[in-house]
Amino acid sequence: MPNEPAPNHPAVQVIDVVRDYPRPRTSLLGPTPVVHALRGVSLEVKQGERFGIVGESGCGKSTLLRLIAALDRPTAGQVVVEGTDITTLPERRLRFLRENLQLVFQDPMSSLDPRMRVRDIIAEPLVVQGHPASGERVRELLEAVGLSADAGDRYPHQFSGGQRQRISIARALAPRPRILIADEPVSALDVSVRAQVLNLISDLVDELNLTLIFVSHDLSVVKHVCDRVAVMNAGQIVETGPTADVYAAPQHPYTQRLVSAIPTLERALSGATTTDLLPSKGETA
Amino acid sequence: MRRLNPSLVAGGVIVGVIVATALLSFVWTPYDATFVDPSVRLATPSWAHWFGTDKFGRDVLSQIMVGSRTTLFVGVVAVGVAAVIGVPLGVLAAMTPRWPSELIMRTNDLLLAFPALLLAIMFGAVFGASTLTAMVAIGIASVPSFARVIRSGALQVMRTEYVLAARAAGRKPFPIALRHVLPNVTSLVTVQASVSFAIAVLAEAALSFLGYGTPPPTPSWGRMLQESQEFLFSAPRLAVFPGIAIALAVLGFNLLGDGLRDRFDPKLEDRR
């Protein structure tokens, strides 16, 4: 049974990972300027855990995800998935990862090929990995994400943002992965459909016994879905802990600001505005 | 319902008329385009000869009709050569790592800096002046612009999340190129083909004018222009008719290219 989780190993381990990107040269002879996207990140996600990563845009969240999915290589450090070190593994030996780890991306406009029928988009991982891509499986997946079976005949532009994200989720689940990575899956959606898509992800993760790594800039979204959370700032993890604890009693000043930025009814009623969130009154950023 | 844009319609109509004329010339022309009738030399336009006759008494309208075949044939082959070489090069340059990509693009720039007409004349000198040499030379000269445009489009596609998703599903680079990159740059290829076609039409006329293109007696708009030179003052219409034909063809393909570009503009995508 290929879907049996390997015992005793954490789903994902990231050990002291550094990722630097060279920037275009600014002078002919000087050294190439470097962007430090990740500066020594370590984390561990257990089997079946729902792990959240929170941080503002540009803090290295997406870089971290790409490294975990072996779509990019770290400059230093190790990424271990289900006990296998994937850091230096060549693409041809990553088959287990391509089957067991799938991603849902942020922008449902850009994450579905506009020239492919939904049916082919969902079946793509199956076809690539040599599984029989039966129409039956595609219909089953469409149904699982709450779309009608005839959706498979249409093109992505004929769907709304929320529906497209459902298609993305169906594609990610097609090869029966054990680990699902969601990169800001609801931040490009209308507020009205966010809860639906979040609940869908949450339900499917429960039903299929998946390990979830959920990335967002919005702590309240993460709180809704995840058991544990890591807070990232400027390429480093500043705080890790159970979501409820981090939410209720943030330790790191950055987390405290993040939590205080969550709009609540009380704050709105007491007349707080966004300007109150700026670190101005004698406080350092 | 999408609004039709005027350049697309105008370009489509002009190109349509030229294609129809070329097709018609296979089954019917007023006279045999190469038939020499000394009794009607340099005749002015009349009901018998709508566009008049040239210095040998050949019917100008018939020559222009048959000449449109040459023009279209040269355009199709030249654009075909350019696309078949240029599109894969562009995609390759977008998908390979830094060094091979740089090599392709710098070589490309080198060819881009080389005047197309000079290349064609060189080809003519080496392989002999013929329609085929002209077509291939014009095609090769159009490769760099194809490669450049397609590379930029392919780079955009490579940055999309659906390519990332395909990689995460285990797709290898070659299938990604076939399944995702190529289908998503077809609009660019169409636009570039149309614009290159206009350039090829002009280049063919210039080459034939210089004697490096289609050899006599096959009618060609460029050579008709050249033959009309000596009568520029006595019978200017001999230059005017092929001139108009060339101008219309170039205008038509350019308008079509512009129209297609607007049609495929991603900002208008939502209206689809």
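Student: How much area do chain B and chain A bury between them?
Tutor: This is a predicted model, and the areas are computed from it. Carbon and sulfur atoms hold 54% of the area buried between chain B and chain A. The total for the two chains is about 1,900 Å².

Student: How many residues does each chain bring to the contact?
Tutor: A residue takes part in a contact when heavy atoms lie within 4.5 Å. By that rule chain A brings 23 residues. Chain B brings 17 residues.

Student: Which side chains meet in a salt bridge across the interface of chain B and chain A?
Tutor: The rule finds 1 salt bridge across this interface. It asks for a side-chain nitrogen of Lys or Arg within 4 Å of a carboxyl oxygen of Asp or Glu. Here the distance from N to O is 2.7 Å. The pair is B:R171 and A:E124.

Student: Which kind of element makes up chain B, helices or strands?
Tutor: Chain B has 0 strands. Read from the N terminus, its elements run α-α-α-α-α-α-α-α-α. The kind is therefore helices, with 9 of them in chain B.

Student: What is the accessible surface of chain B?
Tutor: The C-alpha atoms of chain B fill a box of roughly 75 × 50 × 30 Å along the principal axes. Of the accessible surface, 71% belongs to carbon and sulfur atoms. The surface comes to about 13,500 Å².

Student: How far apart are the centres of the positive and negative side chains in chain B?
Tutor: Chain B carries 22 positive and 15 negative side chains.

Student: Where is A:A70, and is it buried or exposed?
Tutor: A:A70 sits in the loop between α1 (61-68) and β4 (76-81) of chain A. Its phi is near 55°, a positive value in a residue other than glycine. Most residues other than glycine have a negative phi. Because its relative accessibility is 5%, A:A70 counts as buried.

Student: Why does A:E82 count as buried?
Tutor: A:E82 lies in the loop between β4 and β5 (84-85) of chain A, and its phi, near 50°, is positive too. The cut-off for buried is under 20% relative accessible area. A:E82 counts as buried because its relative accessibility is 7%.

Conventions
Residues numbered from 1 in each chain as written. Chains lettered and ligands numbered in written order. Predicted model: local features only at pLDDT ≥ 70, side-chain atom pairs only at ≥ 80, totals over all residues. Heavy atoms only, no water. Helix = DSSP H or I, 4+ residues; strand = E, 2+ residues; numbered from the N terminus. Areas by Shrake-Rupley, 256 points an atom, 1.4 Å probe, with all protein chains shown as cover. Lys, Arg positive; Asp, Glu negative; His and termini not counted. Charge placed at Lys NZ, Arg CZ, Asp CG, Glu CD. Buried < 20%, exposed > 50% of the residue type's maximum accessible area, 1.4 Å probe, protein only. Buried area = accessible area lost by both parts, 1.4 Å probe.
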